[in-house]
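Reader: I'm new to this one and would like a close look at a single part of it. Could you walk me through it?

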Amino acid sequence: MPFAELNADPETMRFFPKTASHEKSFQVADEIREQIDKDGWGLWAVDIEGQFAGFTGFMTQNYEAHFTPAKEIAWRFRKEYWGMVMQQKPHGWLHFTPSKR
């Protein structure tokens, strides 16, 4: 699963507390699907010429902090796509804003 490989890559995850196991990645993928089903928005896969490049979109942060709950613009891309993803033609999600719920 390319998503799990992305989350297990030490260089990609260097600013996170740790890499994710394949099992954890499957759990996160299920949570992403659940958020999209519930809210109509979330994180979406980015496909470049038929290849999984990574993901981007919106997510809700609910951990304990003075600014939460909050909406976050999130992204994570495979190393071979670093520096080139936004050169691709952006699609409709850039004009999408999650509604307040």
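Reader: Let's start with E11: is E11 buried, partly exposed or exposed, and why is it classed that way?

Author: Keep in mind that this is a predicted model. E11 counts as partly exposed because its relative accessible area is 39%, and that class sits between the 20% and 50% cut-offs. As for where to find it, E11 is in the loop between α1 and α2. Leaving out residues up to four places away in sequence, E11 touches K79 and W82. Take K79: E11 and K79 are 68 residues apart in sequence, yet their C-alpha atoms are 8.2 Å apart in space.

Now follow the chain on into helix α2, where Q35 is found. Q35 is classed as buried because its relative accessible area is 18%, and buried means under 20%. With residues up to four places away in sequence set aside again, Q35 touches G40, W41, G42, F58, M59 and T60.

Helix α2 also matters for the second largest pocket: with 4 residues, α2 gives the most to its lining. At least two lining residues come from each of α1 (2-8), α2 (22-39), β1 (43-48) and β2 (51-61). If you want to pick some out in the view, the residues lining this pocket include M1, P2, F3, I32, R33, W44 and F55. By type, the lining of the second largest pocket has 11 nonpolar residues, no polar ones and 1 charged. The space in the second largest pocket comes to about 190 Å³.

Notes
Residues are numbered from 1 along each chain as its sequence is written. This is a predicted model: local features need pLDDT of at least 70, side-chain atom pairs count only at pLDDT 80 or more; totals for chains, interfaces and linings use all residues. Side-chain values use heavy atoms; hydrogens and water are left out. On a 1 Å grid over the protein atoms alone, a cavity is a set of points where a 1.4 Å probe fits but cannot get out, and a pocket is an open set with protein on both sides within 12 Å along at least five of seven lines; lining residues have an atom within 4 Å of a point. Grid points are joined across faces, edges and corners, and a volume is the space filled by probe spheres set on the points. Ala, Val, Leu, Ile, Met, Phe, Trp, Tyr, Cys and Pro count as nonpolar, Asp, Glu, Lys and Arg as charged, and the others, Gly among them, as polar. Buried means under 20% relative accessible area, exposed over 50%, partly exposed in between (1.4 Å probe, protein chains only). Contact means heavy atoms within 4.5 Å.
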